[in-house]
Each structure stands twice: as structure tokens, then as C-alpha cells.
Amino acid sequence: MPVSTATTSSKKTDWAASYEAVLQRIDALLEGEDDWIAAMATVAGELHHAFDYYHWTGFYRAVSDALLVVGPYQGGHGCLRVTFDRGVCGAAARTRQTQRVPDVEAFPGHIACSSTTRSEIVVPVLTPEGRLLAVLDVDSDLPAAFDETDQRYLEHLCQKLGAQFAGTTQR
Ligand code: SME
């Protein structure tokens, strides 16, 4: 099934349908897969190319209870290491809650990997037992680019990833 790509830059079209399509495609691509790194790379690529308001899309891996290290991503360079006490990614890892930030400049401690980033959403990937595998970080150059629809679909995706890769020892 073709994935409908690119909404408009003002994001006024039906992006829920695009999420349905891209999540279905990710499901199919990851069927039977048990390599967590391959899965993260696949998810980052699929999401990044499905939405034109996604400008950096990728994962930070929880390598300890205090440190995130960059994983597979699409976009310009990302900071390599983020401790749990820093930035939006750190807040998501620490609180285990999605962080939806409409204006990154108003977020205390935001880490500006790119000066063009205006908004972002970070969703934790937790196993059903509550082990943090990673966070999914999406940054946009548009202000307030992410709404409840983005959050709902990305949380659904991360919940499924946490269940499918609950047994991984890859970090
Ligand atoms: N914006 C993130 C840092 C990661 S990069 O933007 C890719 C943050 O403040 O956590």
C-alpha cells in the first residue's frame, strides 16, 4: 500500500490518514524482526519521509539510568549524548512521559542541536515491564508543529515498539 507522503508545510491536510498509513507500513516492515537497532533505523526513515514538518527524526538510546546516546536518525547532526537532567529528551527519559514542546525557546534547558528547531515532541519507548529502551525525538522548524494527533500516533507506535523489543539486550 502506498504511503501518502508530505502534507503541506502549514500542516492543514489530513495527517491522521498519513499516520495510519505509515504505521501500517512500519508494522509490515518490522514483522518478525528482533533486531532493535534495525527497527529504530527503519522507524526513523519511514516517519521522517512521511511528514514534511519532521526535520529531525530519531532515537536516543537509554544506555544507563542516567544517559541517552544518539541512535539511528534522519536529519542534520544530532547531539551525541544527553544526560537525563538535560533538555527535552532528558525530561522524557526522567519522567517517562511524552514531552510536547510548542516553543523550544520557552523550555528550560532545551538543547539546541539545530538553531532552526522551533518545536519538538519526545516520546519514551518503555517495555511492558517499565524498562526504558529509548526515546523517540522529532524536531520541527515550524512552531507548534505537533498536536494531540501526532502525540496519540507516536505514543501508540512507541508502545508497540516497547512490547515487540522488550527482550532486547541491545542498547
Ligand atoms: N532537542 C533535544 C536534543 C536532541 S536534538 O535536538 C536532535 C533536547 O533538547 O532534548
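Colleague: Which residue in β2 is the bridge partner of R61?
Modeller: V69 is the partner of R61 in β2. Keep in mind that this is a predicted model: local features need pLDDT of at least 70, side-chain atom pairs count only at pLDDT 80 or more, and totals for chains, interfaces and linings use all residues. Residues are numbered from 1 along each chain as its sequence is written.

Colleague: How many bridges join β1 to β2?
Modeller: Five, between β1 (residues 56-62) and β2 (residues 67-74), and the two run antiparallel. Strands here are DSSP runs of E with at least two residues, helices are runs of H or I with at least four, and both are numbered from the N terminus.

Colleague: What packs on the sheet?
Modeller: Helix α2 (residues 36-50) does, touching β1, β2 and β6. Its direction makes about 55 degrees with that of β2. Helix α3 also packs there, touching β1, β2, β3, β4, β5 and β6, at about 30 degrees to the direction of β5. Touching goes by contacts, meaning C-beta atoms, placed from the backbone, within 7 Å. Axes are lines fitted to C-alpha atoms, for helices over the stretch in contact, and angles run from 0 to 180 degrees between N-to-C directions.

Colleague: And in what order do the strands sit in the sheet?
Modeller: The order is β3-β2-β1-β6-β5-β4, an open sheet with antiparallel pairing. Its edge strands are β3 (81-83) and β4, each pairing on one side only. Two strands pair if DSSP finds at least two bridges between them.

Colleague: Changing topic, which residues come nearest to the ligand?
Modeller: G78, G87, C89, I111 and C113, out of 14 residues around the ligand. A residue counts as near if its C-beta atom, placed from the backbone, lies within 6 Å. The elements giving two or more residues to that shell are α3 (87-95) and β6 (132-140).

Colleague: Which of them gives the largest share?
Modeller: That's α3, with three residues.

Colleague: What about T116, buried or exposed?
Modeller: T116 is exposed, because 12 other C-beta atoms lie within 10 Å. The cut-offs are 20 or more for buried, 12 or fewer for exposed and partly exposed in between, with C-beta atoms placed from the backbone. T116 is in the loop between β4 (99-101) and β5 (119-126).

Colleague: How far apart are T116 and D139 in space?
Modeller: They are 9.5 Å apart, C-alpha to C-alpha, and 23 residues apart in sequence.

Technical notes:
Contact = placed C-beta atoms within 7 Å.
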